[in-house]
Amino acid sequence: MIKNFVELETLLIRNKLKPRKFALVNAHEEASLLSVVEIMKRGYIEPTLIGNEPQILKILEAHKTRDVFKIIHADTDKEAAFKAVECVRNGDADILMKGFIQTSDLLREVVNRDTGIRNQPVLSHVALVEIPYLERMFMITDGGMIPYPNFEQKIGIIENAVHVAHALGVEVPKVALIDAAEHTNPHIQASLDSEKLSQKTWKDATVEGPISIDLAVSAAIANTKKYTGKIQGDANILVVPDIISGNILGKVGTLFTEGKMAGIVQGAKVPIVLTSRGSTLDEKINSILLSCFIGNEES
């Protein structure tokens with residue numbers, strides 16, 4: 001597994017991946033638009049800006065951006081989301097990014113039965129987190145989409161995350177099903193689900209649980225506790241039982257450790273960059289970099 005986002009970008013450069021067709025939905029949002037401009041200047045994307053054209057141009061002019069962009073005007077959020085999804089269907093976008101639009105409004109068009117671009121049964125959020133003092137990265141899922149996933153949804157969540165890990169060069173990722181302890185608790189459904197999931201046959205992945213987070217990420221603690229599982233503090237993917245724990249874990253990784261994060265949604269025909277309103281410019285840039293890598297892997 002790569003150690004940081006510098007290595008991620010280095011892989012993009014080393015592999016000489018072609019620029020991705022990129023659609024920013026409701027591009028009249030400053031931070032998202034500036035992140036797209038930055039990545040375009042690095043040569044990784046060919047963006048299409050969808051949304052209120054006068055407002056988009058106003059932001060670009062305010063930052064003295066002289067690059068010429070393809071702009072598709074949209075008067076409403078629904079129209080912008082529809083046109084973005086249409087770009088994917090027409091082959092004009094390999095990646096979508098949320099700008100100044102509610103997540104629900106964008107995803108409503110993504111999953112539309114007649115005109116949408118859902119590709120898998122489950123849409124799930126995958127966060128890639130860099131922890132500086134550990135000099136390693138973890139993937140955390142799902143902290144952004146499904147509040148309380150059932151057993152079948154957890155299968156989809158794991159498969160989506162494993163797909164990302166494979167794209168990052170991890171041939172057989174280790175997937176830890178995080179719980180309060182490494183022993184199955186018959187009174188906790190998530191614990192029972194984890195035991196059943198770990199007994200399932202997985203292609204190109206090692207899935208183990210329930211397992212506590214200390215055993216999943218610390219080889220020293222696994223040794224101290226004499227843990228005999230297949231994961232010995234070397235998990236690549238941390239699967240959480242619900243959206244609350246996933247959201248907290250991801251933000252602890254950045255707010256308490258000065259770590260860095262990227263986030264994408266998997267399960268559609270293309271990666272979807274879906275950062276929160278409080279995301280920094282760096283997080284948006286990192287998320288675009290990750291989506292470029294996944295986008296190229298899928299092409």
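Figure 1. The space in the second largest pocket comes to about 250 Å³. It is lined by 13 residues, and those closest to its centre are Ile131, Tyr133, Leu134, Phe138 and Leu249.

**Figure 2. Elements around the second largest pocket.** At least two lining residues come from each of β5, β6 (136-141), α8 (213-217) and α10. The element that gives the most to this lining is α10, with 3 residues.

**Figure 3. Residue classes in the lining of the second largest pocket.**

**Figure 4. Largest pocket of the predicted model.** The largest pocket holds about 940 Å³ of space. Its lining consists of 39 residues, of which Leu274, Thr275, Ser276, Arg277 and Ser279 are the closest to the centre of the pocket.

**Figure 5. Elements around the largest pocket.** With 6 residues, α10 gives the most to the lining of the largest pocket.

**Figure 6. Residue classes in the lining of the largest pocket.** The lining of the largest pocket is made up of 20 polar, 10 nonpolar and 9 charged residues.

Figure 7. In the lining of the largest pocket, α10 gives the most, with 6 residues. In the lining of the second largest pocket, α10 again gives the most, here with 3 residues.

Methods:
Residues numbered from 1 in each chain as written. Predicted model: local features only at pLDDT ≥ 70, side-chain atom pairs only at ≥ 80, totals over all residues. Heavy atoms only, no water. 1 Å grid on protein atoms, 1.4 Å probe; cavity = no way out; pocket = protein on both sides within 12 Å on 5 of 7 lines; lining within 4 Å. Points joined across faces, edges and corners; volume = space filled by probe spheres on them. Helix = DSSP H or I, 4+ residues; strand = E, 2+ residues; numbered from the N terminus. Nonpolar A, V, L, I, M, F, W, Y, C, P; charged D, E, K, R; others polar.
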